[in-house]
Amino acid sequence: MNQKEQEQRQVEEEAARRIEQLIEKRVQDELEKRRADIEAEVLLKLRSAVMSTVLSQDREYFDFHQVGELQERLNRDTELIARMAVAQPKQMAVQATRFIANGIAAFLISPTLTAWAVLLPVPLTMFISIYALKVTRAQDRKSGRVGDK
């Protein structure tokens with residue numbers, strides 16, 4: 001390759017990198033805009049649902065709860081829940097992807113150990129759950145609470 005072809009190749013590679021960066025930035029901006037739109041929609045629906053629930057309460061409810069307190073909780077809690085509702089699916093997808101990738105990597109390293117690591121927690125969790133349920137029922141009987149029998 002001569003000097004001119006190398007320079008042309010470098011220019012093309014730099015242009016391709018810049019185009020890729022611009023596309024990535026555009027995609028990130030669009031995703032952020034859509035996330036904000038979804039969050040605003042969820043927030044509106046949550047506020048409407050909470051407000052209709054509050055308004056359907058008896059008058060005595062408002063004797064124990066101040067309107068300012070309810071309004072503050074309405075604003076603060078619904079914003080928090082809306083943010084979490086949008087963020088949770090993304091976090092779950094990231095964690096699931098990491099889990100699957102780590103499982104594949106572990107399987108490639110040692111299939112036998114991976115099988116033990118995958119299969120062992122299932123019966124262990126089952127036995128722990130049954131024991132915890134028995135202990136909880138025994139505690140409920142001792143404390144005199146009425147429960148499902």
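Reader: Which helices do the buried residues of α1 pack against?
Author: They pack against α2 and α3. Keep in mind that this is a predicted model.

Reader: Which residues of α1 are buried, and what makes them count as such?
Author: Glu39, Leu43 and Val54 are the buried ones in α1. The label needs a relative accessible area under 20%. These three residues carry it, so each falls under that cut-off.

Reader: Why is Gln28 called partly exposed?
Author: Gln28 has a relative accessible area of 46%. Buried needs under 20% and exposed needs over 50%. The value for Gln28 lies in between, so the residue is partly exposed. Gln28 is in helix α1.

Reader: What about Ala16: buried, partly exposed or exposed?
Author: Ala16 also sits in α1. Its relative accessibility is 42%. That is between 20% and 50%, so Ala16 is partly exposed.

Reader: Why does Arg141 count as exposed?
Author: The relative accessibility of Arg141 is 63%. The cut-off for exposed is over 50%, so Arg141 passes. Arg141 belongs to helix α5, residues 121-143.

Reader: How do you know how the span of α1 compares with the expected one?
Author: α1 has 53 residues. From first C-alpha to last, α1 reaches 78 Å. The expected value at 1.5 Å a residue is 78 Å, so the span of α1 is close to expectation.

Reader: And what are the corresponding values for α3?
Author: α3 has 43 residues and reaches 61 Å.

Reader: Where does α3 bend, and by how much?
Author: The bend is at Ala87, by about 30°.

Reader: Which residues of α3 are buried, and what do they pack against?
Author: Leu70, Leu74, Thr78, Ala82 and Val86 are buried in α3. The buried residues of α3 pack against α1 and α2.

Reader: Why can residues at such a spacing point the same way?
Author: An α-helix has 3.6 residues a turn, so residues three or four places apart point the same way.

Reader: What is the volume of the largest pocket, and which residues line it?
Author: The volume is about 290 Å³. The lining includes Gln28, Arg34, Ile38, Val86, Ala87 and Lys90. α1 and α3 each give two or more residues to that lining. α1 gives the most, with 6 residues.

Reader: What makes a residue part of that lining?
Author: A lining residue has an atom within 4 Å of a pocket point. Gln28 is on the list, so Gln28 has such an atom.

Reader: How does the lining divide by class?
Author: It has 4 nonpolar, 1 polar and 5 charged residues. Lys and Arg count as charged, so Lys90 and Arg83 are among the charged ones.

Definitions and conventions: Residues are numbered from 1 along each chain as its sequence is written. This is a predicted model: local features need pLDDT of at least 70, side-chain atom pairs count only at pLDDT 80 or more; totals for chains, interfaces and linings use all residues. Side-chain values use heavy atoms; hydrogens and water are left out. On a 1 Å grid over the protein atoms alone, a cavity is a set of points where a 1.4 Å probe fits but cannot get out, and a pocket is an open set with protein on both sides within 12 Å along at least five of seven lines; lining residues have an atom within 4 Å of a point. Grid points are joined across faces, edges and corners, and a volume is the space filled by probe spheres set on the points. Helices (H or I, at least four residues) and strands (E, at least two) are DSSP runs, numbered from the N terminus. The bend at a residue is the angle between axes fitted to the seven residues ending there and the seven starting there. Buried means under 20% relative accessible area, exposed over 50%, partly exposed in between (1.4 Å probe, protein chains only). Contact means heavy atoms within 4.5 Å.
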